[in-house]
Amino acid sequence: MANVVNAERVSVQYGTRLVLDEVSLGVSAKDVVGVVGRNGSGKTTLLRILTGVDEPDSGGVVRSGSASIGYLHQADDFEADATVRDVIVAGEADHVWAADPWTRALVEHLLGAVDLDLPVASLSGGERRRTALVALMLGGHDLLVLDQPTNHLDVEAVDWLAQHLRTLQDRGTAMLVVSHDRWFLDAVCSRIWEVHDGIVDAYDGGYAARVLARAERSRQAAQLAARRKN
């Protein structure tokens, strides 16, 4: 299966710090990849390179020409005079968008308490964040890049979102997810990328599987070092 996005020997350097060092990886349809690492490790840099927001210093990124990529940033960029209705359903009246069960479920679960005719500029930070998330998930994208999608969501909404993302995965949508919520990563991810020291280590499964696999790799490395010493 062809990758939606493919990076080949990508390097990024800020000053004297090498953030990504000849990283090669790819994302195919139905892949749901959790991106983890310490703050400042390069997670957001990787996402920005893969989505084309920034360009690498060396190496290349190839995106499928027909693929649509939606990116949930840490900060939104709504039009100054846009309403919630404008952002999520292109201004459609309630009787139009609510006729679609998929759209109705998203709006009811994530924006149920928000007046859709309010200007986005008047919303709280959490309401703006949920508005951006709903708009993204209604965009029909082939790849969703979600940077902290569970911020400002309560436990019930996080659980519902996990189920909804699994439905999108079944429909063929690929996803890259950055989150500090370990339960959420276990619930939605089929792979984990750990960004550290300029490289990206890949693990199959969710966050818990990554912890076990990383411990096993460390044990094997320690055994190898001991044999070499002996």
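## Strand E3 and its neighbours

In this predicted model, Val33 has Leu176 of E7 as its bridge partner. That bridge belongs to a set of four that join E3 to strand E7 (residues 174-178), the two strands running parallel; strands are DSSP runs of at least two residues, helices are H or I runs of at least four, and both are numbered from the N terminus. Strand E8 (residues 191-196) also pairs with E3 in the parallel sense over four bridges, where pairing requires that DSSP finds at least two bridges between the strands. Within this second pairing, Val36 is bridged to Glu194 of E8.

Five of the five residues of E3 (residues 32-36) are buried, so the strand is largely enclosed by the rest of the structure; buried means under 20% relative accessible area, with a 1.4 Å probe and protein chains only. Both faces of the strand are covered, with Val32, Gly34 and Val36 buried on one side and Val33 and Val35 buried on the other.

## Helix H4 against H6

Helix H4 (residues 101-111) packs on helix H6 (residues 155-170) at an angle of about 160 degrees, and their axes lie 10 Å apart; the axes are lines fitted to C-alpha atoms over the stretch in contact, and angles run from 0 to 180 degrees between N-to-C directions. H4 and H6 are therefore roughly antiparallel, a term applied to angles over 145 degrees.

On the H4 side, Trp102, Ala105, Leu106, His109 and Leu110 meet Ala157, Trp160, His164, Thr167 and Leu168 of H6, contact being heavy atoms within 4.5 Å. By class, this contact has seven nonpolar, three polar and no charged residues.

## Helix H4 against H5

H4 also packs with helix H5 (residues 125-137), at an angle of about 165 degrees and with the axes 10 Å apart. These two helices are therefore roughly antiparallel to each other, and their crossing is right-handed. Trp102, Leu106, Val107, Leu110 and Leu111 of H4 make the contact with Glu127, Arg130, Thr131, Leu133, Val134 and Met137 of H5. The residues of this contact divide into eight nonpolar, one polar and two charged.

## Basis of the values

Residues are numbered from 1 along each chain as its sequence is written, and side-chain values use heavy atoms, with hydrogens and water left out. Because the model is predicted, local features need pLDDT of at least 70 and side-chain atom pairs count only at pLDDT 80 or more, while totals for chains, interfaces and linings use all residues.

Note on methods:
Parallel < 35°, antiparallel > 145°, perpendicular 65-115°, else oblique. Nonpolar A, V, L, I, M, F, W, Y, C, P; charged D, E, K, R; others polar. Left-handed = near helix turned anticlockwise from the far one by under 90°. Buried < 20%, exposed > 50% of the residue type's maximum accessible area, 1.4 Å probe, protein only.
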